[in-house]
Each structure stands twice: as C-alpha cells, then as structure tokens.
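Q: I have a chain open on my screen and want to walk through it with you. Can we take it piece by piece?

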Amino acid sequence: MPLVCGEVTNPIDYGADLRGTLHWGIDLKIKSDMNRLAQKSGTLSTDVTVVGVWDRGPGKGLLCQEHSDIFDDDGTLVCECETWDCLIYDGGLGGEKPPADVVEMPDREPDFEMSETIAMNAGLAFRLTGMLHPLHVDWPTAKEAGFPIPFYFGLGYGSIAMRHMIDTFMPGEPERLTRFKVRMCAPVMPGATVTTQMRKMDDGTVRFRLVDAHATTAKPYLNWGIMEYK
C-alpha cells in the first residue's frame, strides 16, 4: 500500500517557522486489522486537525497538538494519531500553557531491557521514509538550531523502542500492537548506544523509557511511554 509522505503537515500553516519543528510526542492507536491491511493494495488518506497551539514560554518554543485519522480506500479507519510538535523558534508570546499529560511510571527496576547502537548513517536511511527534515542530515541547519551535529529522527528512535518491545512481548507478530504513546525528551546522536527499559503492568500494558546505555540515570531520550498489545 503506497504511502505518500511530505504532504501531511506542510499545508497546515499556523504562522510558525517550520524549519525549527521537532517531534515532541506521539500517541498512535491502531484501529484496524493489520493483517487485512497488509494483504491489500490501495491508498491511505489522512485527515489532520490542529487541536491547539500552546506557548511554552520565552526561549522554549510553541507546542502544536494535531490529531490525525488515517483511512484506507474502503473508508475504514486504520488508526488515530495524536502528534505534538515543538516549534523551537516560536513561543514566548504569553499564550496558554500546554495541558498536563501525566503517565504513571513504576518505581522499580525494568523487567526487560534491550540495547542497540544507532548507525552513523541512520538519519540518511530514515529519509527513505519520505521524512526530509534538514535538522537530521544537514550540518549548517543543525548548528543554526543549536545542535553540534545532525541528530537522529525522534520517530526513528521511537521505532527502535517499538521494535524492542515487539521482539520482547510478541516476537514475529507486530500486528498485535494496538497503541504506542511516548514523549521525545532528548536528542539521540548518531553512534549512541540506547537501551529500552520495559516494565510490564498488571493490565497487560508496558511502560517504557529509552535511555543512554552508558548513562542510564541521565535524562531519558524517550519517557512516559505506553505500549498496548492484544
């Protein structure tokens, strides 16, 4: 099933400088049978609504909250996706503060962990998905935004954590995934070794973080994560 990228958020013009757009968070809820979807051809369409634009304060940027409904060509709702983008060049205008989003994380050692090293060319490989943001591949753009080198896509290291959990809890059956929610908290540089810390809950869900494998008490790369599966 072909997926056309690059036309989903570009037409949404709310006056921000999109060169400074960073993924802040995502909450993906899968509503359709993934086995059925994988066995058919066709086109996906996405309806995107800007839910709100929130001010984080001077020097901290804006947060844009968007809700997307993705349909197949039969009109079946495939998934819902709430995304949060941080607009680092904007904000500080005295606007409304973003709503709190609290996820309870168990205060215990992880039940499972899995690690891997981010390839030095991971950002270039991720561009094959159609995600072309220059912050992740262009050195002058990254330096202009205050980063020493281009860093990895947030959705890229989010997908690493997702794969770690699929391999741990439902190996070979990714279609069992029903929800993936997480906050991007720190940039991952190419060459870093990351560890997904997984804590299985009594209700069958998983709470997770993605941390530096060599500094597990440092600020997490991903935090307040929820994975649900059937």
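Q: Which residues is S68 in contact with, leaving aside its neighbours within four places in sequence?
A: S68 is in contact with T46, D47, V48, C79, E80 and C81. Contact means heavy atoms within 4.5 Å. This is a predicted model: local features need pLDDT of at least 70, side-chain atom pairs count only at pLDDT 80 or more, and totals for chains, interfaces and linings use all residues. Residues are numbered from 1 along each chain as its sequence is written, and side-chain values use heavy atoms, with hydrogens and water left out.

Q: Where is S68 found?
A: In strand β3, residues 62-71. Strands (E, at least two residues) and helices (H or I, at least four) are DSSP runs, numbered from the N terminus.

Q: Is S68 buried or exposed?
A: S68 counts as buried, because its relative accessibility is 9%. Buried means under 20% relative accessible area, exposed over 50%, and partly exposed in between, with a 1.4 Å probe and protein chains only.

Q: What about F71? Where is its place?
A: F71 is in strand β3 too. F71 counts as partly exposed, at 22% relative accessibility.

Q: And which residues is F71 in contact with?
A: Leaving aside neighbours within four places in sequence, F71 is in contact with T43, L44, S45, D47, T76, L77 and V78. D47 is also on the list for S68.

Q: How many Å separate the C-alpha atoms of F71 and P98?
A: They are separated by 29 Å. The two residues are 27 apart along the chain.

Q: What is that separation for D138 and P150?
A: Their C-alpha atoms are separated by 6.2 Å. Along the chain they are twelve residues apart. D138 is found in the loop between α2 (122-126) and α3 (139-144). D138 counts as partly exposed, at 30% relative accessibility.

Q: New topic, cysteines. How many disulfides are there?
A: The count comes to zero. The rule asks for a pair of cysteine sulfur atoms within 2.5 Å.

Q: What is phi of W224 near?
A: Near 55°, a positive value in a residue other than glycine. Most residues other than glycine have a negative phi. W224 lies in strand β9, residues 222-229. W224 is partly exposed, with a relative accessible area of 33%.

Q: Now the whole chain. How many helices and strands does it have?
A: Four helices and nine strands. Along the sequence the pattern is β-α-β-β-β-β-α-α-α-β-β-β-β. The radius of gyration is 18 Å, close to the 17 Å of the globule rule for 230 residues, so the chain is as compact as a globular protein of that length. That radius is taken over C-alpha atoms, and the rule is 2.2 Å times the number of residues to the power 0.38.

Q: How many of the residues count as buried?
A: Of the 230 residues, 43%.
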